[in-house]
Amino acid sequence: MLDKLKALALRYEDLETRMGDPSVYGDADKLRQVNRELKELTPVVETYHAYVAAEERRRSAEELLHDPELKEMAQEELAEAKEELEILRQKLTILLLPKDPNDSRNVVLEIRGGVGGEESALFAHSLLRMYSMYAEDHGWKLEIMNLNETELGGVKECSAVVEGEGAYSRLKFESGVHRVQRVPETESGGRIHTSAATVAVLPEMEAVDVQLNPADVEMQVYRASGAGGQHVNKTSSAVRLIHKPTGMVVECQEERSQFQNRDKAMRLLASRLYEAEQEKRSSEYTEERRSQVGSGDRSERIRTYNFPQGRVTDHRIGLTLYKIDAIMDGALDELIDALVTADQAEKLKNGSET
């Protein structure tokens with residue numbers, strides 16, 4: 001591990017030197033690539049330097065043990081250094097775990113009402129609000145690409161892009177079926193209903209990231225519309241893209257400009273095609289995806305939001321929090337932190353078994 005860390009520290013120094021190179025500084029793409037790699041290496045290299053410093057303190061303390069006058073102080077310093085080394089060693093082990101190559105990407109977030117009719121659409125709207133507030137709390141930008149609403153303000157389906165540092169690394173754990181138990185606004189008898197909505201989190205891709213031939217894409221334009229089919233735009237600015245080889249269809253109607261809608265739709269199409277290719281290549285990934293998203297049936301759920309009891313339960317890790325109001329207002333970090341920790345523990349387990 002130490003040899004690998006030394007190599008990463010040397011790589012970090014090389015990247016810092018390249019930042020001053022005119023050939024890099026004057027090339028936006030190269031500069032972006034160097035900056036990205038520096039940002040990824042920074043926590044590892046900083047922790048490694050702290051480890052080296054702690055190791056030096058440990059050696060110095062061991063040498064002082066031979067001096068009778070300094071032995072007591074040296075024993076204290078030695079104990080502190082060993083404790084710090086153990087903490088830093090564990091931190092480095094986690095930092096060196098294989099990284100998801102898409103963690104630094106923006107997110108394509110898709111939410112759809114599932115089983116439960118109008119109530120599921122209203123819950124889908126609540127989830128969209130939850131993620132919007134979570135994004136805002138983290139300084140990310142959530143931009144709606146396509147929104148299909150019901151007459152009562154529910155969300156039949158929605159596509160959005162979340163832009164921000166680390167967005168995919170956090171939100172990827174939200175993919176799956178979210179189940180809600182509450183008294184619907186449409187229920188006059190006060191009975192608790194169970195319904196569900198699906199969430200899909202995809203890493204945002206550009207057309208250059210996938211083999212996307214423009215000749216394979218048919219573009220249709222139409223007028224943007226709101227709930228109930230009422231036109232909110234008198235020009236045909238909304239864009240529908242059809243990927244002819246796969247039959248995949250994406251839409252974007254939130255911008256006034258047809259060009260902007262087409263650009264966003266192309267990014268969404270690229271993201272979906274990328275995910276489809278990943279599923280095709282990995283049967284394991286396909287099974288995981290099916291278990292997460294499923295069909296929208298109430299039984300295929302990753303999380304349950306029980307409003308009468310004020311609790312949210314994540315079934316993947318068996319965690320229940322009695323703070324549903326805060327969570328629906330975007331306070332998701334406690335849940336996501338637990339999922340990140342569980343994911344790291346699984347990787348460590350798999351690594352040790354290997």
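How many residues of the lining of the largest pocket are nonpolar, polar and charged? I looked this up in a predicted model, where local features need pLDDT of at least 70, side-chain atom pairs count only at pLDDT 80 or more, and totals for chains, interfaces and linings use all residues. Residues are numbered from 1 along each chain as its sequence is written, and side-chain values use heavy atoms, with hydrogens and water left out.

**Pocket**

I found 14 nonpolar, seven polar and 19 charged residues in the lining. Asp, Glu, Lys and Arg count as charged; Ala, Val, Leu, Ile, Met, Phe, Trp, Tyr, Cys and Pro as nonpolar; the others, Gly among them, as polar. The largest pocket holds about 1,400 Å³ of space. Its lining has 40 residues, and E40, D100, P101, D103 and S104 are the closest to its centre. A pocket here is an open set of points on a 1 Å grid where a 1.4 Å probe fits, with protein on both sides within 12 Å along at least five of seven lines; lining residues have an atom within 4 Å of a point. I noted that α3 gives the most to this lining, with eight residues. Helices are DSSP runs of H or I with at least four residues, and strands are runs of E with at least two.

**Helix pair**

Next I checked α3 (28–64) and α4 (71–95). Their axes, lines fitted to C-alpha atoms over the stretch in contact, come within 8 Å and cross at roughly 155°. The two helices are therefore roughly antiparallel (angles over 145 degrees).

**Aromatic pair**

Last, I looked at F123 and Y305, an edge-to-face pair with 5.4 Å centre to centre and 65° between the planes. Ring centres must lie within 6.5 Å to pair, and planes over 60 degrees apart count as edge-to-face. F123 sits in helix α5 and Y305 in strand β9, 182 residues apart.

Key. Points joined across faces, edges and corners; volume = space filled by probe spheres on them. Axes fitted to C-alpha atoms, helices over the stretch in contact; angles between N-to-C directions. Parallel < 35°, antiparallel > 145°, perpendicular 65-115°, else oblique. Phe/Tyr/Trp six-rings, centres within 6.5 Å; stacked < 30°, edge-to-face > 60°.
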